[in-house]
Amino acid sequence: MMELEYKEHISPILKDGVKNYLIDIDGTITEDVPNEEPERMVTCEPFPDALETINRWYDEGHQICFFTSRTENLKQITIDWLDKHGFKYHSVLCGKPRGGNYHWIDNHLVRATRYKGKFTDLVEKQVTIEVFKEEE
């Protein structure tokens, strides 16, 4: 159960130290399988470092949501695959827009990490980002 803090008339927030991980599937925790080849979704293998890291995050109390461009009609195949390989998670969201180059706008703090071949613990790094112009 997700532990949230509620304040009057605003959206709830996670308790301090808890992260809400939204994790892609294809090309991130397993090989890149397009929606047009669902038969490969059943036979592909998870990346071992992804399985280990994600399950550790889950055990540490973080929220794990797989957010995928797979379509809703492929959701059960996806859930079955995640369960078969022992992934621990709270939810699966299908229908993420395809094509990449994402820019997420939200009223909550959003951090993004681009997967480049290995799941590890996250480290802090200073980068330049695009933001809304502040009112003067």
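The following legends describe an overall view and several close-up views of one predicted model.

The model is predicted; local features require pLDDT of at least 70 and side-chain atom pairs count only at pLDDT 80 or more, while totals for chains, interfaces and linings use all residues. Residues are numbered from 1 along each chain as its sequence is written, and side-chain values use heavy atoms, with hydrogens and water left out.

**Figure 1. Overview of the chain.** The chain contains three helices and five strands. Helices (H or I, at least four residues) and strands (E, at least two) are DSSP runs numbered from the N terminus. Along the sequence, these elements follow the pattern β-β-β-α-α-β-α-β. Taken along the principal axes, the C-alpha atoms fill a box of roughly 55 × 30 × 30 Å. Of the 136 residues in the chain, 29% are buried; buried means under 20% relative accessible area, exposed means over 50%, and partly exposed lies in between (1.4 Å probe, protein chains only). The chain exposes about 10300 Å², of which carbon and sulfur atoms supply 51%. Accessible areas come from the Shrake-Rupley method with a 1.4 Å probe, and for residues only the protein chains shown count as cover. Among contacts (heavy atoms within 4.5 Å) with a separation of 6 or more, 68% join residues 24 or more positions apart.

**Figure 2. The largest nonpolar core.** A nonpolar core is a set of buried Ala, Val, Leu, Ile, Met, Phe, Trp, Tyr and Cys residues joined through side-chain atoms within 4.5 Å. The largest such core has 21 residues, and those with the most contacts inside it are Ile 23, Ile 29, Ile 54 and Phe 66. At least two residues of this core come from each of β3 (20-23), α2 (48-59), β4 (63-67) and α3 (75-84). In soluble globular proteins, nonpolar side chains tend to be buried together. When residues up to four places away in sequence are not counted, Ile 23 touches Thr 28, Ile 29, Ile 54, Trp 57, Ile 64, Cys 65, Phe 66, Phe 67 and Phe 119.

**Figure 3. Thr 78 in helix α3.** Thr 78 is found in helix α3 and counts as buried, at 0% relative accessibility. The residues that Thr 78 touches, not counting those up to four places away in sequence, are Ile 25, Arg 70 and Val 92.

Figure 4. A disulfide is a pair of cysteine sulfur atoms within 2.5 Å, and a search of the whole structure finds zero of them. For Cys 44, which is in no disulfide, the nearest cysteine sulfur belongs to Cys 94 and is 14 Å away. Cys 65 is likewise in no disulfide; the nearest cysteine sulfur, that of Cys 94, is 9.5 Å away. Cys 44 is buried, with a relative accessible area of 1%, and Cys 65 counts as buried at 8%.

**Figure 5. A salt-bridge network and a further pair.** A salt bridge is a side-chain nitrogen of Lys or Arg within 4 Å of a carboxyl oxygen of Asp or Glu; the whole structure holds nine. Glu 31, Glu 37 and Arg 40 are linked in a network of these bridges. Glu 31 is partly exposed at 34% relative accessibility, as are Glu 37 at 29% and Arg 40 at 26%. Glu 60 forms a further salt bridge with Arg 56, with the closest N and O atoms 3.9 Å apart. Glu 60 is partly exposed, with a relative accessible area of 49%, and Arg 56 counts as partly exposed at 28%.

**Figure 6. Gln 63 and its separation from Glu 37.** Gln 63 lies in strand β4 and is buried, with a relative accessible area of 7%. Gln 63 and Glu 37 are 26 residues apart in sequence and 29 Å apart in space, C-alpha to C-alpha.

Figure 7. Trp 104 lies in the segment after β5 (91-93) and is partly exposed, with a relative accessible area of 48%. Leu 22, Trp 104 and Val 110 make a nonpolar surface patch of about 260 Å². Patches are made of residues with over 30% relative accessible area and no salt bridge, like charges being joined within 9 Å and nonpolar side chains (Val, Leu, Ile, Met, Phe, Trp, Tyr) within 5 Å. Asn 101 also has its place in the segment after β5 and counts as exposed, at 80% relative accessibility. Although Asn 101 is not a glycine, its phi is positive, at about 55 degrees. Most residues other than glycine have a negative phi.
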